[in-house]
Amino acid sequence: MRGKVKVKVDGIEVEVDPGSVVLDAIKKAGIPMHSLCQAGELYRGASCRLCLVELPNGKLVPACAYPVSNGLEVYTRTPRTLRTRRTTLELLLAYHRIECWICKRKGDCILVKMANDLRLEGIPICAECPLHSDECLLNKGILCLGPLTVAGCEAECPATGGRCWGCRGPITREDVVVRALRRYRELGFTLKEVIETAEIFWSAHPFLEKFKLLAEGV
Amino acid sequence: MSWTLMNRCCLKCWHKPPDNPCPNYVQCRIKGPLCHDDPECRELRARRLNELEFGRYGVKVRVAIASCTLAVGAAEVYEAIRDYVKESGLAIDISVVGCHGLDFIDPWIEVVRKGYPPAIYANVSPEEVEDIISRYLSGDVSKAFALRYRTGNAKGEFHVPTLDELVFWRKQVRLVSSNCGLINPESIEEYVVRGGYLGLARALRMRPEEVIEEIKLAKLRGRGGAGFPTWIKWKAVKDQVSDVKYVVANAEEGDPSAFSNRLLVESDPHILVEGMIIAGYAIGASKGYVFVGTEGDLAAERLKKAIEEAKKYGLLGENILGSGFAFDIEIVQDAGRYTSGEETALLEEIEGKRSTPRVRPPYPVTKGLWGKPTVINNVETLAHAAVILRDGWDRYATIGTEKSGGTKMVSVSGSIKRPGVYEVPIGTTIRTIIEDIAGGAPEGLKLKAVEVGGPAGGFLPVSEINIPLDYDTLPKLGVAMGSGVLVAVDEHKCMVDLARQFMAFFVSESCGKCVPCRVGTKTMLSILERISSGKGSEEDLELLKELGETLKDACLCALGNGAPIPVLSSIRYFKEEFSAHIREKRCPAGICPVSREVVRYEG
């Protein structure tokens, strides 16, 4: 193999092997960058469009598939890349069936990490919870508000054995709430006690009214 | 089969493809014989030329048979003429030709007789045929729609305008479509008589780089929509070192209301064949593919015939005209769809895969069809290449704008007096095309907007159409040249409803490969449906804009990038209509379901 290729990522100069993709250079530069395909060889369809980076000419290209060349400059955190990344992730989540409390990826979810990075709400604490479904507090009969609460705290309370009180605020996506409420009922909780627990932190939240309505309909 | 110009005139002619082809074969057809001087051979040619012009018996009827005329009953007209000629025993030749592109006069016929002006009759019904022909034969042309030229001794001649006197013909510059509606698309002879394959003969005497230089000087840019300079593409492929290279002609017009390519291939398939051979020679390819969608049945049939005939006379195949260059063309016909128009999706489809776009780079010029360097051009671009090589770049470059030479075929439809395909110089203003050439809105209607460049092109309000149609001006206004589609929208249409319809089109046509297009179009559609049913809010408009900008930036291919443009441009120019739906809960045009509900409550 001939010499290395010099690439500038957000102003940081890195050297990578020729034939690699921009994502490799970004990783080498130590810039955090999530991508669903992770490695260039795994899948290079470049279809999720979450790792778009901007070139100096204003074009957005997928980092996971764009080949490096000498003197290439890319920017990973421009307003445009952040906006498109955020909207694209939102679109991806919009058609994602969010039932984190029974999901196998529990505690190790790329989507929730990206969502937290881009300040997107809508994924419950369960996605971050290290307790797997058989150890889940709900299975032990403890009324944990994890399925209804916005993720982002790394599930601190459940991780240390305590239940979630919903201090980060409610998830406002209706389909997620409805599914979570059904789950509570399946496990033998009454919706009345769920609402009472929720009122502790959410009593002033504008979503509470809607939440009660949804609970009636379940 | 009688003697045609394509055959040898006497035993002295030694042209025998592919072993011993004559390099002057094409020129010899009309100017010949070139290798020997024999008055008899000259006489034979002159007689045949006359026969082609006026038929074997001095009278000829041209019947336009193309998709556009067949849709309004040209087949019945053809049968009526055939029956009439048979019954009356008149000595008349009937010739099938393509279409001019003047769709408002379909179905049309043209009667030609030596010494009389050739007369075009518009909107012919089978019952009128007898009257038209017998009147014409008696020297009365007063019922004609137009004359091709005047010769000055027919009755009523001066009441009928010639084509050049008509504004929609005069303002056109017909380069690639010059043969459309004039020649039999299934006859190579008629094409050659009109100067066909001279461009190929000229190109084969030049070096490939000289051919590319010619295209460069002519300032030809891709007619498929993006307007990429053709010579850069050709040169990039020529510079690639590879044993196999390909030329791919894109004849799939995915855009609804785009029909100029279909008209061109149906009416003059040989110009595409010629352009492809020239492209193949310039880049060093030996194989070409034409992709035709399912709508192009007639086009594919005529193209197939054209390829067969070109092969028969040594203009395609091994050792073309003694140059040692070999080229072959294959037609690929498949279930075309909107994404097939995208060049890499087209390659996938030719390879037999699902038509989804590929990631670029690598670009098709380095890794295209089956991983080999490939030139993909729109059929119109290739036809322009044939014209440039025939006429020379200097004449071609004077037409058009400074950055982009030549002409563009535009398909005009919608609420318009004279729908059709018109060929205009690049840089002609949209107002000229819509109001002068196409005649503006029909009686009693007023135009509100013009959709420019197909579904991914966008809407322009009528106040803004005073701009030139070229590749540099349109993007500044938030629309695109696209496939050269102009659709006139009158006041009785609702922009919200149109935006919704276009979005529904994109939802069904999205290939589903990338997230922003697959989910984004669907989300935008549900928002638009919410607005049109009167349940929208102000935030919805912001949401549409945000989603639209994301789609424009983030999608994998140009089709996804173009999907939000109709919505964004209609919000940009017709915001008051959206506001009426959102705030006042009414549809100004009375089309969206919101207004129907209001009517019901009031009643």
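Residues are numbered from 1 along each chain as written, with chains lettered from A and ligands numbered from 1 in written order. In this predicted model, local features need pLDDT of at least 70 and side-chain atom pairs pLDDT 80 or more, while totals for chains, interfaces and linings use all residues.

**Exercise 1.** Work out which elements of chain B give two or more residues to the side that touches chain A.

*Solution.* Start with the contacts (C-beta atoms, placed from the backbone, within 7 Å). They link 15 residues of chain B with 19 residues of chain A. Helices here are DSSP runs of H or I with at least four residues, and strands are E runs of at least two, numbered from the N terminus.

**Exercise 2.** Find out whether strand E9 (residues 374-378) of chain B is enclosed or open.

*Solution.* First, call a residue buried if 20 or more other C-beta atoms, placed from the backbone, lie within 10 Å of its own. Five of the five residues of E9 pass, so the strand is largely enclosed by the rest of the structure.

**Exercise 3.** Describe how strand E6 (residues 246-250) of chain B pairs with E9(B).

*Solution.* Pairing takes at least two DSSP bridges. These strands have five, in the parallel sense. For one position, take B:Asn250, which sits opposite B:Asn378.

How values were computed
Contact = placed C-beta atoms within 7 Å. Buried ≥ 20, exposed ≤ 12 C-beta atoms within 10 Å, placed from the backbone.
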